[in-house]
Amino acid sequence: MKRTAGRVAEISARRLRVLGIDIGGSYLKAAVIDARGHMLTERLKIKTPHPCPPRVMLRALLRLVRPLSGYNRIAIGFPGVVRAGRVVTAPHWGNRAWAGFPLAQRLSQRLHAPARLINDAEMQGLAVVRGRGLELVLTLGTGAGTALFRDGQLMPHLELAHHPLHKNDTYNDYIGDDALKKAGKKHWNRRVARTIDTLQSLLNYDHLYIGGGNASRITLRRPRNVSLVSNDAGIEGGAALWRRGAVEPL
């Protein structure tokens, strides 16, 4: 693939086909999407291996996407801090093993297409934000992820999942999957309600989007500026990383 001044050459929206990969603590998911984020294939899904150092993750991802073809770009959502195509933190699988790993480059080499890497909550946000005011994305899965946008522009990443929320519990501890299993659905929903109030006080967002695998467990009465979004957004947002004029993630 030709590059100009060190950057990947642009491709027209009509020709853009993106392999979207959503890496989660429990499952790995992938599909081929068009420039608008519409799925052109079925969504494939396998369990995330545990333990999962980089070489194990690479093998699992290659196995996952083997049936998929026809893409010319790759977009990867990863549950941790990422920068310049490399993993900075990987709380689910060990920061030491993952620190500095060039995941985008390795997948690009193995799958023969340019790849970009972004935090998984941010990738989901790219599919759902409306570009008006301050918009927050909260993903509820194995842990809790967040992404913040202002007028449609991605803001610096805040790793709120590991920030204390209630007593000594972090967001992950308080509303993650283990908390749902231990507290039960009713009490977990109360925790989610408190979390929504806390985030509103902290950030004064205009709109909050809640996604992730456990969003479907929410039964609480939501404020008018809180929406539930499809878990498929974690793949669909990958198109925005490659649309003409898109800024490559840091």
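Student: Does α1 pass α3 in a right-handed or a left-handed crossing?
Tutor: Right-handed. The rule: a near helix turned clockwise from the far one by less than a right angle is right-handed, anticlockwise left-handed. Bear in mind that this is a predicted model, where local features need pLDDT of at least 70, side-chain atom pairs count only at pLDDT 80 or more, and totals for chains, interfaces and linings use all residues. Residues are numbered from 1 along each chain as its sequence is written, and side-chain values use heavy atoms, with hydrogens and water left out.

Student: Why is α1 called oblique to α3?
Tutor: Helix α1 (residues 54–65) and helix α3 (residues 103–111) pack at about 45 degrees, their axes 11 Å apart. That angle makes the pair oblique, since under 35 degrees counts as roughly parallel, over 145 as roughly antiparallel, 65 to 115 as roughly perpendicular, and the rest as oblique. Axes are lines fitted to C-alpha atoms (for helices, over the stretch in contact), and angles between N-to-C directions run from 0 to 180 degrees. Helices are DSSP runs of H or I with at least four residues, strands are E runs of at least two, and both are numbered from the N terminus.

Student: What makes the contact of α1 with α3, residue by residue?
Tutor: Leu-58, Leu-61, Leu-62 and Val-65 come from α1, and Leu-103, Arg-106, Leu-107, Arg-110 and Leu-111 from α3; contact means heavy atoms within 4.5 Å. Those residues split into seven nonpolar, no polar and two charged. Here Ala, Val, Leu, Ile, Met, Phe, Trp, Tyr, Cys and Pro are nonpolar, Asp, Glu, Lys and Arg charged, and the others, Gly among them, polar.

Student: What makes β5 and β9 edge strands?
Tutor: Their sheet is open, five strands ordered β5-β4-β3-β6-β9 with mixed pairing. β5 (44–47) and β9 (115–119) each have a single partner strand, so one side of each lacks a neighbour in the sheet. Pairing needs at least two DSSP bridges.

Student: How do you know that β3 and β4 pair?
Tutor: Strands β3 (residues 18–23) and β4 (residues 27–33) share six bridges, in the antiparallel sense. Ile-23 stands opposite Leu-28 in β4. As for helices, α1 lies across β3, β4 and β5, at about 45 degrees to β4, while α3 touches β3, β6 (73–78) and β9.
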